[in-house]
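User: Hi! Could you walk me through this one? I'd like the overall picture, then some detail.

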Amino acid sequence: MLRIAHELVEAMVAHARVDHPDEACGIIAGPEGTGAPKRHIPMINAARSTTFYEFDSEEWKQVYDQMWEADEEVVVAYHSHTATEAYPSRSDSGIASQLGEPQAHYVLIATRDPEVAEVRSFRIADGEVTEEPIEVLGAPEVVQSYKFAHTPDSTVYDCP
């Protein structure tokens with residue numbers, strides 16, 4: 001399960017909305033070994049594409065160096081889908097494998113609906129995709145512009 005502060009979800013959704021119609025991408029770092037998402041780091045989609053994302057290699061090196069110095073790790077790697085559901089494509093699974101962060105949560109944000117962003121979290125290891133629930137922490141009354149879906153149960157968690 002991904003436990004994450006609502007401010008971080010809002011930041012990912014806002015980034016996805018700003019970059020739309022191109023896919024947005026970024027990470028959320030946290031203290032090494034804790035699995036706790038703490039710091040939002042929006043990144044540049046070097047592909048500048050509506051159907052694909054790619055971390056800029058120079059920016060990634062700078063971010064990685066900063067995380068190394070701060071004893072942080074990638075807790076969440078996220079990107080948006082602008083015209084399809086929030087589910088990892090084959091390309092997304094490949095990128096997750098290349099990123100080399102098997103402990104990370106892979107969050108997808110669908111921005112095809114201008115009113116509601118669909119937010120889903122997955123674990124991706126060895127090409128296998130497993131969806132996981134999301135628990136948003138703090139001030140749920142503020143969370144109104146997105147929904148969470150968890151397909152194994154066919155349940156959608158709409159926030160008030």
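**Fold and strand pairing**

Analyst: Happy to! The chain has 3 helices and 10 strands. Keep in mind that this is a predicted model.

User: Thanks. What pattern does the chain follow along the sequence?

Analyst: Reading along the sequence, you get β-α-β-β-α-β-α-β-β-β-β-β-β.

User: And how much of the chain counts as buried?

Analyst: Of its 160 residues, 44% count as buried. The accessible surface of the chain is about 8,200 Å², and carbon and sulfur atoms make up 50% of that.

User: Let's zoom in on strand 2. Is it mostly covered or mostly open?

Analyst: Strand 2, residues 25–31, is mostly covered, with 6 of its 7 residues buried.

User: Nice. Which residues stand opposite each other there?

Analyst: On the strand 3 side, Ile27 stands opposite Ile41. Towards strand 4, Cys25 faces His79.

User: Switching to Glu72, where does that lie?

Analyst: Glu72 lies in strand 4.

User: Why does Glu72 count as buried?

Analyst: Because its relative accessibility is 17%, and the cut-off for buried is under 20%.

User: What is Glu72 in contact with, beyond its sequence neighbours?

Analyst: Leaving aside neighbours within four places in sequence, Glu72 contacts Ala29, Gly30, Pro31, Glu32, Arg39 and Met67.

User: Last one: what share of the chain's contacts with a separation of 6 or more comes from residues 24 or more positions apart?

Analyst: Those account for 61%.

Conventions:
Residues are numbered from 1 along each chain as its sequence is written. This is a predicted model: local features need pLDDT of at least 70, side-chain atom pairs count only at pLDDT 80 or more; totals for chains, interfaces and linings use all residues. Side-chain values use heavy atoms; hydrogens and water are left out. Buried means under 20% relative accessible area, exposed over 50%, partly exposed in between (1.4 Å probe, protein chains only). Helices (H or I, at least four residues) and strands (E, at least two) are DSSP runs, numbered from the N terminus. Two strands pair if DSSP finds at least two bridges between them. Contact means heavy atoms within 4.5 Å. Accessible areas come from the Shrake-Rupley method with a 1.4 Å probe; for residues, only the protein chains shown count as cover.
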